[in-house]
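Subject: Handover of a structure and the findings on it

Dear colleague,

Please find below the structure that I am handing over to you.

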Amino acid sequence: MSLPAFLLLLFVPLTVNAAEPAAPTENPEFSQWIKAFKTSPKGPFKRIRWYCKDGSILPPVAGACAGHGGGIQHGEWNEQTRVLRDAGFYVGNVLAALDINELVASASGHVQLRQVLLERYLMAADDGWIFRGARYYRGALQVEDEVAAARRLLTALARAGQTRQRDFLLLRVAAKLLVHNEADTDIARVRHLSTRLGEQDPGFEKLRNKLHAQPDAADAERIRQYLQNAPRRFRPDYERLAAAIDNAYRHELLEARLAAVAQSLSDRPVAGALRRANAVFNQATPSVRLQTAARLLRLLREETGHLSTSGQWLDLLDASLALEQQVFTAGSELRTQLGAMSRRQRLDSLGHLAMAMYGTGELSQRQWQEMRSALEGMAADEVGLAELRQNLRYLARAPQWVEGGYQFHFSLAVQRLAVIETKVKHFIPDQLRSGPVLHYSAILDGLLIDADRLAGLAHRIFNTTTGSGVRMLNPGLARGLLRIADTTGAQLPLLEDGIYVLPETTAELPPVAGILTLGEGNALSHVQILARNLGIPNVLIQQHLLPVLQAQANRNIVMAVSPGGRVVLAEDGPQWQAILGESRPAADDKLVPELSRLDLSFTALLSLDQLRARDAGRLAGPKAANLGELRQHFPENVPAGIVLPFGVFHAFLQQPVSEGQQSAFNWIQNRYRQLRSLSGVELERERDIFLQQVQAWIMAQEPGGEFRRQLRAALRQQLGSDTDFTLFVRSDTNMEDLPGFSGAGLNRTVPNVKGFEELLTAIKQVWASAFTKRAFAWRQQRMLQPEHIYVSVLLMPSVAVEKSGVMVTTDASNNEPGWVTIAVSEGVGGAVQGEAAEELRLHLASGDVQLLAEATAPLRRVLSDSGGVSYVPVSANPQVLSKDNLQRLRELAETLPARYPMPDAAGEPAALDIEFGFHDDQLVLFQARPYLANRRARQNRYLHALDSGLRATAGQQVRLDGIPRE
């Protein structure tokens with residue numbers, strides 16, 4: 001039986017995150033306009049005008065603004081450019097016309113600033129981009145005005161960011177992209193010229209790849225040899241490319257810039273070091289040049305707190321950029337000598353490159369100090385193999401940290417401009433491939449391969465063996481079709497038998513066979529917890545391996561991820577059949593609802609104080625029952641709440657599905673029975689129709705006068721008012737937080753609901769969310785009798801926490817005893833949505849803290865006065881948790897499991913998954929449940945065989961003066 005057609009019109013998808021930022025206005029014509037600008041002789045302009053200081057706009061006549069206080073001449077935007085800018089695409093920028101103070105100081109200006117910088121990147125990378133023709137449109141851009149404006153903008157950025165450590169990277173990127181003197185950075189020019197020539201001349205592709213992956217000074221001669229047989233029309237470009245390579249490996253520009261900044265800072269101790277450095281750069285070996293340049297980069301960054309004039313800032317930035325180029329060229333030469341370098345020498349080079357990345361702003365001071373600690377852990381002549389591998393794997397986090405820094409500043413602007421110009425997606429990868437992290441990754445990769453070889457391990461990504469660029473998030477074994485997503489997974493028709501390469505682990509991810517994540521996200525998000533619970537393998541893959549994956553797209557593959565962290569991706573075939581047979585879920589893994597415990601007759605609304613853990617699965621779900629128990633142990637940390645038990649939901653479903661027809665409850669039971677008789681495409685189609693129908697019916701139905709009276713009475717009793725409140729409306733079913741299944745984040749939470757009618761709508765949204773396609777699909781992995789899903793609802797007062805996140809009372813990264821793992825972000829609802837959160841390991845006995853990742857999500861969720869949540873920029877402080885916060889969490893992790901143990905599937909005490917927040921530095925607890933890992937994935941014989949080398953080499957020592965065998 002189907003529902004009346006009008007109900008389907010009422011259906012609104014409920015899988016949209018209520019806190020998701022609004023997308024920019026889009027128009028299918030926008031990208032066509034951009035293409036047209038590239039070929040137009042006027043680009044984004046329609047004519048030239050004088051812009052006078054008194055506001056007058058005059059025709060392009062010499063001296064037009066003389067009687068108007070002076071002014072500047074430049075192009076006037078055409079109508080299409082104005083439409084684009086009104087839609088949030090800030091293109092066609094004339095630096096001289098920008099309001100520098102507004103651009104730097106305001107929140108809206110920050111959005112525009114990053115797009116201004118990305119436009120300059122596109123101009124360099126794409127032959128002028130939309131200014132390609134306008135470069136020859138006389139008067140459209142005045143070079144001297146643009147250079148002067150760039151200098152003003154850099155100075156304003158420097159002063160604004162003087163107290164914001166994380167803005168130093170933004171400032172240096174701006175200095176790279178904004179032409180503010182006669183010199184330019186040649187490394188970027190080499191990349192852009194070689195990319196363009198590779199697109200135009202297929203024969204150049206092999207040499208282009210070499211330039212991007214492992215450049216060196218001899219490449220100039222290789223280019224000159226190639227151009228002898230290159231197509232004639234490209235020869236001038238190849239000559240320019242060879243000249244740019246020569247310039248990149250010359251020292252004259254560096255000498256001039258170091259002398260200039262030494263003069264500017266003559267009263268500072270760094271001046272002497274700068275003067276002495278030139279002799280080193282002219283004579284020393286690549287290793288010494290790298291060490292010297294890295295040290296000077298660090299000193300210059302640390303000098304920024306003592307600068308007072310615009311001249312000092314600009315001289316320092318120019319010197320810093322020149323030193324970065326020296327690091328890059330010295331690193332290129334050093335890599336040609338790797339075959340003769342010992343492990344110790346390679347580790348020293350990693351240390352210098354890490355220092356350089358700190359000096360460029362790509363690593364924070366905290367990140368660099370953590371790198372130093374890991375390197376100091378390998379200071380002896382001999383190091384245990386296990387310790388060596390652990391330290392190297394920790395050092396392998398640095399490239400992801402560097403990428404996170406660029407994502408923090410530019411991800412939102414890249415996503416926005418990519419709507420109209422896909423080439424902007426290359427911006428962040430280009431920054432990584434033209435900086436110190438390129439050489440850091442290559443040297444580290446050799447050390448990791450060497451250490452894994454000694455341990456009998458190696459990552460195998462089809463025909464590529466690698467030691468870095470791969471990190472296990474969840475172990476598991478799967479087969480499926482390899483799919484590569486262009487956008488977030490929430491916008492893709494993801495299938496359960498697919499292995500997906502995703503740019504980030506989206507909060508709306510349905511169950512799939514395997515996940516290859518290009519974006520870090522965090523290890524404690526709801527999706528990661530679900531994947532770990534169900535044994536879905538998940539691996540972090542860095543961007544440089546993406547071409548290897550793309551070559552295998554749309555083919556059937558096998559993905560094996562061992563508990564020890566080894567990763568194998570291979571083409572599927574008959575040889576895998578016996579191995580994969582072991583990984584199939586057994587029938588007894590399925591969860592059966594405990595119907596005998598349900599008390600669906602109980603319909604009274606409860607306070608949290610009336611619930612205990614024993615009520616889970618009887619009156620309400622485990623979330624509310626556990627919180628009720630938790631409130632008894634920690635009354636000062638758990639807010640009061642109201643619970644709508646299962647019986648309220650069941651009574652709601654007793655209403656007729658349509659006038660004169662059976663109840664919705666009976667209709668749902670019948671439809672489930674019908675679905676069990678179907679299969680394949682027919683099952684999928686009918687299932688989707690059914691789920692939409694159920695959601696539509698719930699949202700259209702009136703809950704009734706008696707329920708309204710009950711709810712108002714409970715609000716007055718618990719909150720003191722049935723009109724003046726804000727609440728988080730949270731789902732809680734009988735099929736989550738069970739000993740064998742977490743169900744984390746499957747159903748809807750409606751944040752910060754204000755108003756009684758809005759509360760009724762939110763309650764129905766939560767009820768309906770149990771029937772979304774995603775929630776249904778995840779549950780079907782484990783649940784028998786899915787028709788017996790019952791929803792309770794937890795109403796909790798909104799708490800405007802400044803920071804929030806998740807703590808699990810186990811080591812989710814290294815599986816070492818005595819450690820807990822924390823993921824936290826600024827704002828409400830932190831870490832659970834999968835954003836790039838601060839991740840830490842905290843040792844309970846000693847209080848030691850190890851940084852796993854800094855929070856690099858650029859926005860935080862805050863409670864809106866009108867209800868709901870909004871997004872605002874995060875604070876200037878890259879460190880989220882204070883020492884006092886960490887001490888409070890440490891005390892909680894030590895006391896909570898003893899006061900309130902929770903069992904795992906085997907009945908043993910489980911690690912706990914705790915959602916928390918801090919408001920005015922007071923700890924607030926929102927949830928506690930078992931943290932469950934899939935035992936099958938960790939006990940699979942094949943996966944354990946992949947780790948056999950680890951067991952065979954336990955206790956082995958490694959001499960660091962030895963040369964790795966390549």
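A salt bridge is a side-chain nitrogen of Lys or Arg within 4 Å of a carboxyl oxygen of Asp or Glu. Please bear in mind that this is a predicted model. By that definition, the structure holds 43 salt bridges. Side chains of opposite charge can pair when their charged atoms come close. Aspartate 126 lies in the loop between α5 (107-125) and α6, while lysine 423 lies in the loop between α19 (398-417) and α20 (427-433). The pair thus links distant parts of the chain, 297 residues apart.

Helix α14 (residues 286-303) and helix α15 (residues 310-335) have axes that come within 9 Å and cross at roughly 155 degrees. Because of this angle, α14 is roughly antiparallel to α15. The crossing of the two helices is left-handed. On the α14 side, the residues in contact include Leu290, Ala293, Leu297 and Leu300. On the α15 side, they include Leu316, Ala319, Leu323 and Val327. Sorted by class, the contact of α14 with α15 has 13 nonpolar, three polar and four charged residues.

How does helix α6 (residues 143-160) cross α15? Their axes come within 10 Å, and the crossing angle is roughly 95 degrees. Helix α6 is therefore roughly perpendicular to α15. In this contact, Arg151, Leu154, Thr155, Ala158 and Arg159 of α6 meet Ser310, Trp313 and Leu314 of α15. Four of the residues in the contact of α6 with α15 are nonpolar, two are polar and two are charged.

Nine strands form an open sheet, in the order β6-β5-β13-β12-β8-β9-β10-β11-β7, and their pairing is mixed. Its edge strands are β6 (464-466) and β7 (470-474), each of which pairs on one side only. On average, neighbouring strands of this sheet are turned by 30 degrees against each other, direction ignored. Within the sheet, strand β12 (residues 556-561) and strand β13 (residues 567-571) run antiparallel and are joined by five bridges. Methionine 559 has leucine 569 in β13 standing opposite.

A second open sheet consists of five strands in the order β14-β15-β18-β16-β17, with antiparallel pairing. The strands at its edges are β14 (606-607) and β17 (749-754), and each pairs on one side only. Strand β16 (residues 726-733) runs antiparallel to β17, and four bridges join them. Opposite valine 729 stands valine 750 in β17. Helix α29 packs on this sheet and touches β14, β15 (642-644), β16 and β18 (791-797). The direction of α29 makes about 160 degrees with that of β15.

Helix α29 also has a helical partner. Helix α29 (residues 705-719) and helix α30 (residues 756-769) pack at an angle of about 110 degrees, with their axes 12 Å apart. That angle is why α29 counts as roughly perpendicular to α30. Helix α29 passes α30 in a right-handed crossing. From α29, the contact is made by Phe707, Arg708, Leu711, Arg712 and Leu715; from α30, by Phe756, Glu757, Leu759, Leu760 and Ile763. Of the residues in the contact of α29 with α30, seven are nonpolar, none is polar and three are charged.

Strand β23 (residues 859-863) pairs with strand β24 (residues 869-873) in the antiparallel sense over five bridges. Which residue in β24 is the bridge partner of arginine 861? The partner is tyrosine 871. Five residues lie between β23 and β24 in this hairpin, and glycine 867 in the turn has a positive phi of about 105 degrees.

Yours sincerely,

A colleague

Methods:
Residues are numbered from 1 along each chain as its sequence is written. This is a predicted model: local features need pLDDT of at least 70, side-chain atom pairs count only at pLDDT 80 or more; totals for chains, interfaces and linings use all residues. Side-chain values use heavy atoms; hydrogens and water are left out. Axes are lines fitted to C-alpha atoms, for helices over the stretch in contact, and angles run from 0 to 180 degrees between N-to-C directions. Angles under 35 degrees count as roughly parallel, over 145 as roughly antiparallel, 65 to 115 as roughly perpendicular and the rest as oblique. A crossing is left-handed if the near helix is turned anticlockwise from the far one by less than a right angle, and right-handed if clockwise. Contact means heavy atoms within 4.5 Å. Ala, Val, Leu, Ile, Met, Phe, Trp, Tyr, Cys and Pro count as nonpolar, Asp, Glu, Lys and Arg as charged, and the others, Gly among them, as polar. Two strands pair if DSSP finds at least two bridges between them.
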